[in-house]
Amino acid sequence: MTRPRYLTDSERSKVLEFQDMIHYSPRYSDDTHEYRHVMLPKNMLKVIPQDYFNPETGTLRILLEEEWRGLGITQSLGWAHYETHAPEPHILLFKRPNNYGQ
């Protein structure tokens, strides 16, 4: 199992300066999951530690819940980061099963 890479206090203070500028899309769904995308301010990518990125693509790697919450992304329980949109690396895609927690 992969262990989360927590931010240091100085890293956290830098990324949290952008927290109020994070944009959350409306939710949308298919037969099995609900989805949303989270748009980070582009300048925020410059202060996220390099080991949060995939060295091959240059985009954020798939982040564990503790990691994306550490970046200041706030969502209800059950959401999982499953994709980063390469042409727009500041957009993170999330999903969770329909009827999660019911």
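I began with Arg61, which is partly exposed because its relative accessible area is 23%. My cut-offs are under 20% relative accessible area for buried, over 50% for exposed and partly exposed in between, with a 1.4 Å probe and protein chains only. Before going on, I noted that this is a predicted model, so local features need pLDDT of at least 70, side-chain atom pairs count only at pLDDT 80 or more, and totals for chains, interfaces and linings use all residues. I also noted that residues are numbered from 1 along each chain as its sequence is written, and that side-chain values use heavy atoms, with hydrogens and water left out.

Which residue forms a salt bridge with Arg61? I found Glu67, with the closest N and O atoms 2.9 Å apart. For a salt bridge I need a side-chain nitrogen of Lys or Arg within 4 Å of a carboxyl oxygen of Asp or Glu. Glu67 lies in helix 2 and counts as buried, because its relative accessibility is 1%. I then listed what Glu67 touches, skipping residues up to four places away in sequence: Pro4, Arg5, Tyr52, Arg61 and Ile62. Contact here means heavy atoms within 4.5 Å.

**Other salt bridges**

I get 6 salt bridges by this rule. Side chains of opposite charge can pair when their charged atoms come close.

I checked Glu34 with Arg96 and got 2.7 Å between the closest N and O atoms. This pair links distant parts of the chain, since Glu34 sits in strand 3 and Arg96 in strand 5, 62 residues apart. Buried or exposed, these two, Glu34 and Arg96? Both are buried.

Arg69 with Glu65 also comes out at 2.7 Å for the closest N and O atoms. They are separated by about one helical turn, because they are 4 residues apart in helix 2 (residues 65-70). Arg69 counts as partly exposed at 26% relative accessibility, and Glu65 counts as partly exposed at 32%.

I also wrote down a network of salt bridges that links Arg5, Glu11 and Asp51.

I take helices (H or I, at least four residues) and strands (E, at least two) as DSSP runs, numbered from the N terminus. Two strands pair if DSSP finds at least two bridges between them.

How many bridges pair strand 3 (residues 33-39) with strand 5? I count 7, in the antiparallel sense. Tyr35 stands opposite Lys95 in strand 5. Strand 4 also runs antiparallel to strand 5, with 4 bridges joining them, and Thr84 has Leu92 in strand 5 as its bridge partner. Strands 4 and 5 form a hairpin with 6 residues between them.

Why do I call strand 5 largely enclosed by the rest of the structure? It is because 5 of its 7 residues are buried.

**His90**

I looked at His90 next, in the loop between strand 4 (80-84) and strand 5 (91-97). His90 counts as buried, because its relative accessibility is 11%. Leaving out residues up to four places away in sequence, His90 touches Val38, Met39, Leu40, Lys42 and Leu45. I put its C-alpha atom 15 Å from that of Asp20, 70 residues away along the chain.

**The nonpolar core**

I define a nonpolar core as a set of buried Ala, Val, Leu, Ile, Met, Phe, Trp, Tyr and Cys residues joined through side-chain atoms within 4.5 Å. The largest one has 19 residues, and those with the most contacts inside it are Leu40, Met44, Ile48, Tyr52, Leu60, Leu71 and Ile73. I followed up Leu71: leaving aside neighbours within four places in sequence, Leu71 is in contact with Leu7, Val15, Leu16, Ile22, Met44, Ile48, Tyr52 and Leu63.

**Whole chain**

I finished with the overall picture: 2 helices and 5 strands, running α-β-β-β-α-β-β from the N terminus on. Of the 102 residues, 36% count as buried. The C-alpha trace spans about 40 × 30 × 25 Å along its principal axes. Among contacts with a separation of 6 or more, 51% are between residues 24 or more positions apart.
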